[in-house]
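Subject: Handover of a protein structure

Dear colleague,

Please find below the structure that I am handing over to you. I would be grateful if you could look through it before reading my notes.

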Amino acid sequence: MNNKKKILIVEDENNIAQLLAVNLMLAGYDYDIASDGEDGLNKALTGSFDLILLDLMLPKMNGFEVCARVRKKLSTPIIMVTAREEEKDKILGLDTGADDYVTKPFSFSELLSRIKANIRRSSNELVHPEKVQSDEQSSITVRGLTIDTEKYDVTLDGEPISLSRQEYDLLLFLAKNLGKPFTREQLMETVWGYEGYLGDIRAVDVTVSRLRAKIEKDPGEPEYLLTKRGIGYYLK
Ligand code: CA
């Protein structure tokens with residue numbers, strides 16, 4: 001049986017798609033290419049991919065729409081690929097359920113480290129339920145915030161809140177280390193699973209902003225997820 005990981009490249013610029021394809025092949029992955037959003041969605045929904053590389057600006061259906069529709073059905077890791085000028089505001093404004101994002105132009109080695117980390121994290125999820133059984137704590141409470149680590153549920157003042165996988169992982173990690181600040185690099189390594197990560201660390205800021213929008217009464221004056229100036233973030 002072929003046990004190579006298979007990646008779906010959704011990219012309308014043929015030269016970029018081909019370049020990604022060749023590099024993925026050399027790195028030991030199988031791949032398929034979709035050159036517009038509709039084709040990307042249809043292929044993604046077959047469920048035969050371990051990860052989806054999703055360009056944002058696509059003909060027929062944009063990457064946000066594709067991502068949101070895939071997420072309704074599947075938990076396949078999705079890395080959103082954005083061009084510099086359009087990236088951050090849009091991503092902050094819309095929670096489409098992407099697991100990660102990279103900004104063009106990116107180095108293939110950086111992309112590869114993210115592909116590996118996202119595939120590893122999603123396969124860890126599958127074995128996670130057994131691991132949790134032996135955990136002494138099945139929930140963590142920080143004032144009004146409760147994280148149920150068996151059900152992956154988070155409630156705020158008794159109300160359920162819906163978090164993406166990364167938001168959940170970040171919150172859980174900070175809750176387990178209450179009051180202790182971590183640098184963005186440390187969080188990239190421990191929460192995101194990028195070993196020796198030297199690339200773009202703004203994914204941390206994006207996830208923090210999203211998390212604040214969900215758990216803070218006033219995200220501009222956070223009471224839970226605080227910034228430690230000159231260091232990084234911690235949960236109070
Ligand atoms: Ca494009």
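The notes that follow describe what was found in this structure.

Please bear in mind that this is a predicted model. The mean pLDDT of the protein chain is 85, and 85% of its residues reach 70 or more. One stretch calls for caution: over residues 128-135 the pLDDT is below 50. Beyond near neighbours in sequence, that stretch has three contacts in the model.

As to the overall make-up, the protein chain has eight helices and twelve strands. Of its 236 residues, 47% are buried. Among contacts with a separation of 6 or more, 57% are between residues 24 or more positions apart.

I turn now to the parallel sheet. Five strands form this open sheet, in the order β2-β1-β3-β4-β5, and their pairing is parallel. At the edges stand β2 (30-34) and β5 (100-104); each has a single partner strand, so one side of each is left without a neighbour in the sheet. Direction ignored, neighbouring strands of this sheet are turned by 20° against each other on average. Strand β4 (residues 78-83) runs parallel to β5, and five bridges join the two. Within this pair, V81 has V102 in β5 as its bridge partner. Helix α3 (residues 63-73) packs on the sheet, where it touches β3 (51-55) and β4. The direction of α3 makes about 170° with that of β4.

The loop between α3 and β4 contains T76. Is this residue, T76, buried or exposed? The relative accessibility of T76 is 11%, and T76 therefore counts as buried. Leaving aside residues up to four places away in sequence, T76 touches F49, D50, L51, I52, R71 and D99.

The other sheet to mention is antiparallel. Four strands form this open sheet in the order β6-β7-β8-β9, with antiparallel pairing. Its edges are β6 (139-142) and β9 (159-161), each with a single partner strand, so one side of each is left without a neighbour in the sheet. From one strand to the next, the twist averages 25°. Strand β7 (residues 145-148) pairs with strand β8 (residues 153-156) in the antiparallel sense over four bridges. T146 stands opposite T155 in β8. Helix α6 packs on this sheet and touches β6, β7 and β8. Its direction makes about 110° with that of β7.

Both sheets can be read with one general point in mind: strands of a sheet pair through backbone hydrogen bonds, either parallel or antiparallel.

Finally, there is a contact between two helices. Helix α6 (residues 165-176) packs against helix α8 (residues 202-215) at an angle of about 85°, and their axes are 10 Å apart. The angle makes α6 roughly perpendicular to α8. On the α6 side, the contact is made by Q166, E167, L170 and L171. On the α8 side, T207, V208, R210, L211, K214 and I215 take part. The residues of this contact divide into five nonpolar, two polar and three charged.

With kind regards

How values were computed. Residues are numbered from 1 along each chain as its sequence is written. This is a predicted model: local features need pLDDT of at least 70, side-chain atom pairs count only at pLDDT 80 or more; totals for chains, interfaces and linings use all residues. Side-chain values use heavy atoms; hydrogens and water are left out. Axes are lines fitted to C-alpha atoms, for helices over the stretch in contact, and angles run from 0 to 180 degrees between N-to-C directions. Angles under 35 degrees count as roughly parallel, over 145 as roughly antiparallel, 65 to 115 as roughly perpendicular and the rest as oblique. Contact means heavy atoms within 4.5 Å. Ala, Val, Leu, Ile, Met, Phe, Trp, Tyr, Cys and Pro count as nonpolar, Asp, Glu, Lys and Arg as charged, and the others, Gly among them, as polar. pLDDT is the predictor's confidence in each residue, from 0 to 100. Two strands pair if DSSP finds at least two bridges between them. Buried means under 20% relative accessible area, exposed over 50%, partly exposed in between (1.4 Å probe, protein chains only).
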